[in-house]
Amino acid sequence: MIKRIAYFSRLLASIYFLLANPIIIGSAHSASLMQQSSYELMSPENKAMQDDPLLNPAMFWVGDGEALWQQKMGPQNTSCSSCHGDAKKYMRGVATQFPKVTKGKLQTLEGQINQCRVGAQSLPPLAYESKDLLALTAFVAFQSKGMPIAITENAANASFMKKGRQTFNERMGQLNLSCAQCHEDRAGLKLGGSLIPQGHPNAYPIYRLEWQTLGSLQRRLRNCMSGVRAQQFEYGSPEMAQLELFLMWRARGMPLESPGVRP
């Protein structure tokens, strides 16, 4: 407990230092123009863990997701593969296009998986951060590993994109900080002893060593909201989907690393 209090004290001190130091802020902003995956900020050991499928702990979830993909269940005794076939062929590139608008609704990849469960398999939706939903998401995302994120701004998603962009730039919480203030203005500086990443969602779901498990982008976003003492958006909420959409558009063109490893 004492160590935890000391950590947050150092974290808050770092935030106030950054806010009070316009010289450092200016140089960091200039350096943040080029897209950079947070993979580049990791140690050689952590990079090796992500790169080697035999060392990457997230691959256990990919294996579980592959088994779930083939598993027939529900009243219709259908599996994901019953409709979608070979994931290696028909899921290639799918994760690079989410969130996307379907029948007027903005849908995340997790939301699309749950929609299939409810609509095609007559099963209840999986809970966010549940083992099965993370496994299926990781398996589908893995089929697009190395492919560029393909989100574009268009007439169908423009209103959702606008709201996501507003959230990204809006100050929130007791610390009165926006996503942009950390991940654009101060990317590359240190906070609590760690380099501040640009905040690109190009490796989710990720295995975080801090969590000792796999987690979604929405879990990471809720962590940030908690860090600035803001009210967290609910898992699966429209606000989360809008913010995800903007972040994926902001990272457009970057290769998908899923499933990633982070400290």
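This is a predicted model: local features need pLDDT of at least 70, side-chain atom pairs count only at pLDDT 80 or more; totals for chains, interfaces and linings use all residues.

Reader: Fine. How many salt bridges does the structure hold?
Author: Seven. One of them joins the side chains of lysine 47 and glutamate 40, at 3.9 Å from N to O.

Reader: And glutamate 40, how exposed is that?
Author: Glutamate 40 is partly exposed, at 46% relative accessibility.

Reader: Next one. What does lysine 131 form a salt bridge with?
Author: Aspartate 64, and the closest N and O atoms are 3.8 Å apart. That pair ties together distant parts of the chain: lysine 131 sits in helix H8 (residues 131-142) and aspartate 64 in helix H4 (residues 59-70), 67 residues apart.

Reader: Is lysine 131 buried or exposed?
Author: Exposed, with a relative accessible area of 54%. The cut-off for exposed is over 50%.

Reader: OK, switching to arginine. Which residue does arginine 165 bridge to?
Author: Glutamate 153, with 3.5 Å between the closest N and O atoms. Arginine 165 is in helix H9 (residues 158-169), while glutamate 153 lies in the loop between H8 and H9, twelve residues apart.

Reader: What about accessibility for arginine 165 and glutamate 153?
Author: Arginine 165 is partly exposed at 26%, and glutamate 153 is partly exposed at 39%.

Definitions and conventions:
Residues are numbered from 1 along each chain as its sequence is written. Side-chain values use heavy atoms; hydrogens and water are left out. A salt bridge is a side-chain nitrogen of Lys or Arg within 4 Å of a carboxyl oxygen of Asp or Glu. Buried means under 20% relative accessible area, exposed over 50%, partly exposed in between (1.4 Å probe, protein chains only). Helices (H or I, at least four residues) and strands (E, at least two) are DSSP runs, numbered from the N terminus.
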